[in-house]
Amino acid sequence: PRVPETHSVCAPFTAVPGLTILPIAILANNYAYLVWCHETKEAFVVDPADPPKVLAAIPEGVRLTHILTTHKHWDHSGGNVELNAHFKNALVVVGSAVDKPHGTTRETCDG
């Protein structure tokens, strides 16, 4: 897939041993992040505003379990409902109790 000219090249990296973090270029100037555990093959995605790009980035054998939403703006939370629906609403969608991002199923407090 072509990366928009406003994005840097996206390459997976391991910042924590046993985890891979994959930046996913979305929209005109934003990123989602797919993070998965090498041992369990479970993953979460941060701010999946473009579900088709997120789905295309999930490696075979990796199972998405959670969506983490940093805040309610559409370019961060806009894909929560669509992505969760793709997984038959089985994902845990985490967001702040303060700003209540779209599609949240579990709220956090105090940050």
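A salt bridge, as the term is used here, is a side-chain nitrogen of Lys or Arg that lies within 4 Å of a carboxyl oxygen of Asp or Glu. The structure is a predicted model, in which local features need pLDDT of at least 70 and side-chain atom pairs count only at pLDDT 80 or more, while totals for chains, interfaces and linings use all residues. Residues are numbered from 1 along each chain as its sequence is written, and side-chain values use heavy atoms, with hydrogens and water left out.

By this rule the model holds two salt bridges. In one of them Arg-63 pairs with Glu-42, and the closest N and O atoms are 2.5 Å apart. Because Arg-63 belongs to strand β4 and Glu-42 to strand β3, this pair ties together parts that are 21 residues apart in sequence; strands (E, at least two residues) and helices (H or I, at least four) are DSSP runs numbered from the N terminus. Arg-63 is partly exposed, with a relative accessible area of 49%, and Glu-42 is partly exposed at 36%, where buried means under 20% relative accessible area, exposed means over 50% and partly exposed lies in between (1.4 Å probe, protein chains only). The other salt bridge joins the side chains of Lys-100 and Glu-107 at 3.2 Å, N to O.

Strand β4, which spans residues 63-68, also contains Thr-65, a residue that counts as buried because its relative accessibility is 13%. Leaving aside neighbours within four places in sequence, Thr-65 is in contact (heavy atoms within 4.5 Å) with Glu-42, Ala-43, Leu-91 and Val-92.

From β4 the reader can move on to its partner, since three bridges join β4 to β5 and the two run parallel; strands are said to pair if DSSP finds at least two bridges between them. Within this pairing, Ile-67 stands opposite Val-93 in β5. Strand β5 covers residues 92-96 and is mostly covered, with four of its five residues buried. β5 also pairs with strand β6 (residues 106-108) in the parallel sense over three bridges, and here Val-94 stands opposite Arg-106.

Not counting residues up to four places away in sequence, Asp-47 touches several residues, among them Ile-26, Tyr-31, Leu-68 and His-76.
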